[in-house]
Amino acid sequence: MGNGIAHVFARAGFPVLLYDIQQSFLDRGLAAIEKNLAREVAKSKLTPAESVVALSRIIPTLDREALAPATLLVEAATEQFPIKSELFRALDKILPEEAILASNTSSISITKLAAQTQRPDKVIGMHFFNPVPVMALVEVIRGLQTSQDTYDRVHALALQLGKTPVEVNDAPGFVSNRVLMPMINEAVFSVMEGVATPAAIDQVFQLGMAHPMGPLALADFIGLDVCLDILRVLHEGLGDPKYRPCPLLVRMVDAGWLGRKSGRGFYRY
Ligand SMILES: NC(=O)c1ccc[n+]([C@@H]2O[C@H](COP(=O)([O-])OP(=O)(O)OC[C@H]3O[C@@H](n4cnc5c(N)ncnc54)[C@H](O)[C@@H]3O)[C@@H](O)[C@H]2O)c1
């Protein structure tokens, strides 16, 4: 997701600092950006020259301190609270006082992330959708202490990126994943209980509900580990057993079958 977010900011003319913890992850991210920019050139959405300029706006770094001049952070690290909270505490000290700290989290409480910082009024959710350069939606999530000024700035920024911001309040899974993940989980239960094959389940949704992708193909696309992390946040945060992650999903993640990114999930890639 981080590479997609860097892509749309660079394409909209913003200078971007792309931070990760390992050079190989930065290299993979930059390669994805190059490939996706080339795709946009092939579709005549960008000229080759614009694509070169967009790419040149992205500066990769392994050094947190290099983020010091940033006026906006969009955090897109692994969907685990200890990782994100550590980042928010550290970056709160590094970024300028007036900078906005946004998170692309799919489910973690913005209010809790905000409480890790000395600027809870400037912390907000900026939830993009995969693939970021293609999908129009940004869920803009207000934490309990998010100020109106922060909300207005992020709303305007989303429009500048060519996206459509939708306002949502902070609650586990926000709107998108509160509704989507139980559907995916139920599809996994249907596989586990032998109700139908993954292909059959996906066909039901594609042909019967006009979904462009069935729930299991979508789960593979999102990443089964990401889906499991989100379901755990829903289960814990809402305290309702209906969000219990399907044991088959847990087993697949334990096996390293994470979907497209690992070459195997409900389908093989
Ligand atoms: N996958 C999706 O479709 C999707 C959609 C919307 C939002 N999100 C959210 O975006 C975030 C990232 O998801 P993803 O699918 O790209 O996950 P991913 O596991 O593919 O990538 C996470 C990246 O974060 C990096 N990272 C880990 N710890 C870090 C740290 N301490 N500092 C900096 N970088 C660190 C990892 O090296 C990796 O490159 C999550 O919060 C997820 O919920 C994902």
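Predicted model: local features only at pLDDT ≥ 70, side-chain atom pairs only at ≥ 80, totals over all residues.
1. Residues are numbered from 1 along each chain as its sequence is written, and side-chain values use heavy atoms, with hydrogens and water left out.

2. The ligand is surrounded by 21 residues (a residue counts if one of its heavy atoms lies within 4 Å), and the closest are Met1, Asp20, Glu79, Lys84 and Ser106. By class, this shell has 11 nonpolar, 6 polar and 4 charged residues, where Ala, Val, Leu, Ile, Met, Phe, Trp, Tyr, Cys and Pro count as nonpolar, Asp, Glu, Lys and Arg as charged, and the others, Gly among them, as polar.

3. Among the polar contacts (pairs of N or O atoms within 3.5 Å), a polar side-chain atom of Glu79 lies 2.6 Å from an oxygen atom of the ligand, and a polar side-chain atom of Asn104 lies 2.9 Å from a ligand oxygen atom.

4. The shell draws at least three residues from each of domain 1 (2-169) and domain 2 (176-262), with bounds taken from an automatic or database domain assignment.

5. The lining of the second largest pocket likewise draws at least three residues from each of domain 1 (2-169) and domain 2 (176-262). By class, this lining has 5 nonpolar, 4 polar and 6 charged residues.

Notes
Polar contact = N/O pair within 3.5 Å; in protein donor to acceptor, adjacent residues only side chain to side chain.
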